[in-house]
Each structure stands twice: as C-alpha cells, then as structure tokens.
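The points go from overall make-up to single residues.

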Amino acid sequence: MNESMDQVLADWLHEGPESGPREGLERSLAATRRIGQRPGWTLPERWIPMELAMARTRVQRPMLAIVMLVLLTAAVVAAALFVGARPQQPPLPFRNGVIALAKDGDIFVADRPGGDLRPLVAGPGNDQSPMFSPDGTRLAFVRDDGQGSFLMVADADGTNAVQIPLEPFLDTSLWSFAPDGRSLMTVAQIDGAKRVVIRPVDPAAALTVLDIRLPASWMYIEDPRFHPTNPQEILVVAQLVPDGPRGLYVYDLATGAIRTIVEPADGFTPYVDDVAWLPDGEHIIYSLGGDPHVVAADGSGDQALDALKDRISPLSNDGTRIVVDVGVADVPGDDSHQRSVVVPIDGEGGRVELACGLGMKIECAWSWIWSPDDSMLIGTVPHETSSTYLQADPDTGRVTELDWVDVGTPAWQRAP
Amino acid sequence: VTFELVERAQRGDHEAFDALATAAYHRMYAIARRILRDGDAAEDAVQEALVKAWREVRGLRDAGAFDAWLHRLLVNACRDHARRSRRRPIELPSLSIDREEPRDDLAQLADRDELERAFLELSVEHRTVLVLSHYVGLPASEIGQILGIPPGTVASRLHYGARAMRAALGRTNAVPATIPEPGR
C-alpha cells in the first residue's frame with residue numbers, strides 16, 4: 001500500500017511546470033541588486049576558526065584589571081541606586097532553574113545563559129528538543145535511534161527516563177505537558193475523527209479520550225492547552241456542530257462541561273489559532289484571522305491587541321510582556337530591516353527596544369524565551385550552518401552574545 | 001565552476017551570483033510550486049530565498065555546500081510563506097475521511113483534485129519532505145541535512161505523510177501524522 005501511495009505521489013508531483021516565469025527570475029535578480037551583502041565582519045566564523053571566534057581570550061594586565069575593578073564597583077553602586085529608585089515589581093511565582101540544551105546528540109544543562117554545559121542525559125541515539133514541564137519536575141526530549149524518533153520523559157535531573165509510546169501521537173513535537181508533568185496531551189485521529197487524547201507518562205496507565213468534537217480538517221486543529229494551574233481545565237479549538245463555527249472553548253475534564261470563550265458567527269469563519277492561557281489562568285489570548293485578542297477566562301471583555309502582532313516570543317511568565325518584531329522589510333526576504341521590541345501586551349506603557357538588528361553590531365534573534373523570573377531573555381539566531389545565541393535584558397534592552405553554538409532551542413526550568 | 005562562482009559571489013561579485021541564481025531558478029521554482037501549490041507564492045518564495053542567499057552568502061563556510069544551503073533557504077522561505085498564508089481566512093472543501101473503501105486501485109482513485117486537497121491538508125513540513133523525496137529524489141540523509149532534522153524524523157514524516165494522504169483519500173482510517181504547525 002505504501003509503495004502504491006508513494007508511486008501515486010511521485011507521479012502526481014512530477015506533473016506541472018518544471019520552470020518558472022522568465023520575468024520572475026528577472027525580478028529576483030533585481031531584488032538582490034537592491035540590497036547589500038551582510039558585512040563580513042559580522043561573520044567571524046567565516047574568517048577565523050570557530051573555536052577562536054567563540055573563545056574569549058584572557059589577557060594578564062594588572063593595571064587594566066585594577067581600572068576595570070574600579071569601573072565595575074562604580075557600575076554596581078550606580079546600578080544599586082538605580083534599582084532602588086525604581087518601583088518594586090510584584091514578586092513572581094517562579095524562580096530560575098537550570099537551562100536545558102541539546103548538543104552533539106545529548107542533553108546538557110547550564111546554570112545561566114552562556115554557562116558551562118553539564119551532561120544530563122547521554123543515552124543511545126541522538127537526543128534533542130528538551131522541554132521542561134510547567135512545574136519544572138519533568139523533562140521531555142526527542143530521541144532518534146536511527147530507525148525513527150520517539151518521545152522520552154525523565155525526571156528533571158535526567159533520571160528515570162521512560163519512552164512514551166508514539167501511538168496515537170502523531171508527531172514527537174505536537175503535544176503539551178500537564179501542569180504537573182504527569183501526563184501529555186495531543187490530538188489523534190481515532191475511528192475517523194480527531195480526538196483530544198491525554199496520555200499519562202506512566203506507560204501502564206490508560207489513555208483518556210475526550211468527548212469533544214474537533215474540526216474535521218487537520219488544517220484547523222490547534223494544540224489543546226492545559227490550564228496553567230488547574231489540571232481539570234483545557235482550552236481547545238472545537239467545532240461542536242458539523243459545519244458550524246470553529247470556536248474556542250474551555251472543557252472541564254471532571255464534568256465534561258464546555259464553556260464558550262469565542263464562537264465566531266457561522267458562515268465566514270476566520271481561523272482561531274495561537275491560543276494560550278495567560279499565566280494567571282484568568283485570561284486567554286488567541287488570534288482570530290491573524291489578529292491577536294485577549295479575553296477573560298469566562299469569555300467576557302474580548303479585545304483586540306494590535307501590540308501582539310508579529311510576536312516572536314511567548315508571553316513573559318507574569319503575562320504582561322512579549323517580544324515583537326517591528327519595522328517593515330522593504331525588500332522581501334531581507335529580514336535585517338526590523339527591530340525586536342519588548343512591549344506590554346495591552347499596548348500601554350513603555351516599550352524597550354533590544355539593542356540588535358538594523359544598524360546594530362549584533363543581529364537580532366529570530367525567537368526568544370523568557371527566564372522564569374522574567375529578568376532575562378535568551379534568543380536564538382539561526383544561521384545557515386549553525387546557530388548562535390544572545391542574552392537580552394528586557395528592562396534595559398542591553399543585548400550580549402553568548403558563547404554557546406548549536407545547542408538547539410534552550411528550555412529554561414522553573415525551579416521546583 | 002559552481003565552486004568558483006560561489007567564491008566570487010562571496011567576494012561581492014554580483015555577476016557570479018546572477019549566474020548561480022539563473023542556474024538554480026527554475027529548479028527552485030519547481031520545488032516551491034509543488035510545496036506551496038501556487039505559482040505566485042512559489043515565485044515569492046524563490047525570490048525571498050535568492051535575496052537571502054545573496055545577503056548571507058559570505059557566511060557559507062563550505063562553497064561546495066551551496067546547493068544544499070540554497071535548498072534550505074528555499075524550504076525555509078516556503079515554510080514562512082505557508083505560515084503567512086495561513087493567517088488569511090481561507091476555506092478548503094472538507095474531505096470525508098470515512099467514506100467507503102474504493103474498489104479500484106489507488107492510482108485510479110486518486111484524481112488530481114482530491115490529491116491536491118489532501119496534500120494541502122498536510123503541514124508544510126510534511127509537504128516539504130514528500131516533495132524533496134518523491135519529486136527531487138533526495139535520500140533521507142540529505143533531506144535531513146537540508147531541513148536540519150535527523151534522518152529518523154525524515155523517515156517518520158515520510159511515513160506519516162503517506163499515511164495521512166491515504167487517510168484523506170479514503171483508503172483507510174489510519175492515523176495521519178500531520179497537524180499544521182500552530183505557529184509556536
């Protein structure tokens with residue numbers, strides 16, 4: 001059957017045009033002539049060995065060290081005065097734990113951005129894509145043994161790793177953790193219908209299949225989301241009536257009750273996607289036809305949030321800020337003409353521009369993650385042959401380059 | 001020749017880059033056209049990839065890897081384009097996945113419209129793997145190199161992509177593997 005399908009696919013894919021329009025080529029070449037090349041000095045790995053480019057040379061200069069010490073002391077005093085003068089932020093519920101990274105087929109942890117890597121999981125096969133559970137007690141990662149990829153879940157210290165049966169999961173990336181890390185949720189096709197499925201990490205425990213009608217097409221399926229603190233509630237995009245609207249609902253796992261959050265009018269139905277709880281569990285963000293909104297968890301007070309367009313980070317852990325890209329590329333594909341800015345999600349208050357991007361020495365990251373205490377950001381800058389990493393201060397906009405290279409997408413643990 | 005052209009392009013020689021782009025253009029268009037299923041979108045994606053290639057070519061350490069690198073830029077551009085397009089409220093005719101088993105063999109069943117609809121229901125990541133394998137003819141190792149994913153993941157995407165196509169075409173109710181990336 002697979003061979004037959006493969007042949008049908010191959011034949012069908014070979015139909016159609018083998019060449020593009022001549023004017024398309026001319027337009028493309030003209031577009032490349034309108035921009036310059038990225039300067040060579042921004043690519044140190046191009047002209048000196050990577051090890052040297054990334055290493056920080058220590059130079060013994062006593063006088064310089066003394067001057068630096070004096071300057072550092074002055075800076076610390078000034079910073080203390082500045083911080084003391086600022087209004088106190090409300091305490092956050094999270095403390096920073098370790099940062100998990102994937103390098104050379106194993107999982108490592110570091111205590112701080114750019115810090116030394118300590119091995120955490122060094123099993124057979126290629127381990128990658130670490131992710132901590134919301135409570136920081138479990139670590140999931142993807143293991144590739146050369147025959148295929150499968151999902152592993154371990155305690156946060158790397159011990160007690162178990163392999164999660166892939167069925168009925170569809171892919172090793174399309175799932176989410178329960179708040180306590182004891183189960184995983186995904187969407188599977190069972191008996192011809194899409195279903196929300198919850199699989200306990202314990203391989204001996206039974207699956208739970210939820211009785212809620214999802215859209216028939218995979219195109220409209222969104223990952224369901226556990227409530228950040230109440231494991232009995234999930235947020236799900238569903239289509240309760242055949243051919244009816246695709247809306248956003250909260251499903252109560254204990255009672256099966258469904259609460260409507262957003263239900264667009266039938267007929268012309270734009271996408272509901274990018275759904276997420278705010279960390280307080282009292283609000284929900286989502287996009288409707290690409291326009292971001294926030295709404296109370298009871299469905300009231302829906303409002304559009306233009307500030308969240310072009311976001312390139314998840315919400316901060318206190319649910320108040322996000323990193324977005326601003327600026328418009330005047331040449332398609334030239335993504336240098338943009339700036340990353342930390343903005344309050346309601347659009348009110350100050351914006352903090354990160355010191356990277358157009359006109360800056362440091363190229364901006366394509367994506368950012370927040371530290372659990374919201375005091376730092378780690379950004380990933382993918383190049384074609386490697387990835388590099390940045391640390392940013394969301395309060396001042398200061399950006400520094402980290403010594404990490406090719407460590408995948410970092411995952412920052414909330415200290416249990 | 002390609003090696004020399006790449007090195008010249010890295011030194012800022014636009015004519016050398018033009019030669020590289022001209023040689024690659026139609027193949028890039030054909031690949032993008034098959035991933036995105038739209039001529040205009042394919043043209044945009046190829047242009048985005050070529051602009052980025054010109055801008056970033058100095059960062060390519062191995063000139064011999066130019067072709068694989070260009071493929072990677074192209075599939076990234078296709079992915080970005082597909083995600084931007086997803087923001088537009090479009091509606092595809094829904095497919096019944098529980099219809100009766102067809103009686104003839106698959107080749108007779110699979111008319112082009114149904115294949116088109118079924119293919120468009122796959123995520124762009126799965127479409128890309130299917131095109132690179134079944135159209136370009138690359139092995140899993142090379143596809144993995146282009147996409148930056150392990151060969152095992154390529155194999156599972158091929159496997160589940162084919163299963164999803166079969167499911168959408170009504171051959172079976174087997175589990176398809178593709179949910180469009182939710183823009184995480």
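1. The model is predicted. On that count, chain A has five helices and 27 strands.

2. **Chain A overall.** Chain A has 416 residues, and 49% of them are buried. Take the contacts in chain A between residues at least 6 apart in sequence: 42% of these join residues at least 24 apart.

3. **Chain B overall.** Chain B has nine helices and zero strands. Read from the N terminus, its elements run α-α-α-α-α-α-α-α-α. Buried residues account for 60% of its 184 residues. Of the contacts in chain B with a separation of 6 or more, 67% are between residues 24 or more positions apart.

4. The crossing is right-handed.

5. **Residues at that contact.** Helix 2 of chain A contributes A:Gly24, A:Arg27, A:Ser28, A:Ala31 and A:Thr32. They meet B:Glu43, B:Gln47, B:Leu50, B:Val51 and B:Trp54 in helix 3 of chain B. By class, this contact has four nonpolar, four polar and two charged residues.

6. **Sheet 23-24-25-26.** Chain A holds an open sheet of four strands in the order 23-24-25-26, with antiparallel pairing. Which strands stand at the edges? They are strand 23 (367-370) and strand 26 (399-405) of chain A. Each has a single partner strand, so one side of each is left without a neighbour in the sheet. Neighbouring strands of this sheet are turned by 30° against each other on average, direction ignored.

7. **Strands 23 and 24.** Strand 23 of chain A pairs with strand 24 of chain A over four bridges, in the antiparallel sense. A:Ser367 stands opposite A:Thr380 in strand 24 of chain A. The two strands form a hairpin, with six residues between them. In the turn, A:Asp374 has a positive phi of about 65°.

8. **Strand 24 and its burial.** Is strand 24 of chain A largely enclosed or left open? Five of its six residues are buried, so strand 24 of chain A is largely enclosed by the rest of the structure. Buried here means under 20% relative accessible area.

9. **Strands 24 and 25.** Strand 24 (residues 377-382) and strand 25 (residues 387-392) of chain A are antiparallel and share six bridges. A:Pro382 stands opposite A:Ser387 in strand 25 of chain A. A:Leu377 has A:Ala392 as its bridge partner in strand 25 of chain A.

10. **Strands 25 and 26.** Four bridges join strand 25 of chain A to strand 26 of chain A, and the two run antiparallel. A:Leu390 stands opposite A:Glu401 in strand 26 of chain A. This pair is also a hairpin with six residues between the strands. A:Gly397 in the turn has a positive phi of about 85°.

11. **Sheet 8-9-10-11.** Chain A has another open sheet of four strands, in the order 8-9-10-11, with antiparallel pairing. Strand 8 (176-177) and strand 11 (208-209) of chain A stand at the edges. Each has a single partner strand, so one side of each lacks a neighbour in the sheet. Strand 10 (residues 193-200) of chain A is joined to strand 11 of chain A by two bridges, and the two run antiparallel. A:Ile198 has A:Thr208 in strand 11 of chain A as its bridge partner.

12. **A:Arg138.** Where is A:Arg138 found? A:Arg138 lies in strand 5 (residues 138-144) of chain A. Is A:Arg138 buried or exposed? The cut-off for buried is under 20% relative accessible area. A:Arg138 has 18%, so A:Arg138 is buried. Leaving aside neighbours within four places in sequence, its contacts include A:Met131, A:Phe132, A:Val153, A:Asp155, A:Phe177, A:Asp180, A:Arg182 and A:Val201.

Technical notes: Residues numbered from 1 in each chain as written. Chains lettered and ligands numbered in written order. Predicted model: local features only at pLDDT ≥ 70, side-chain atom pairs only at ≥ 80, totals over all residues. Heavy atoms only, no water. Left-handed = near helix turned anticlockwise from the far one by under 90°. Contact = heavy atoms within 4.5 Å. Nonpolar A, V, L, I, M, F, W, Y, C, P; charged D, E, K, R; others polar. Pairing = 2+ DSSP bridges. Axes fitted to C-alpha atoms, helices over the stretch in contact; angles between N-to-C directions. Buried < 20%, exposed > 50% of the residue type's maximum accessible area, 1.4 Å probe, protein only.
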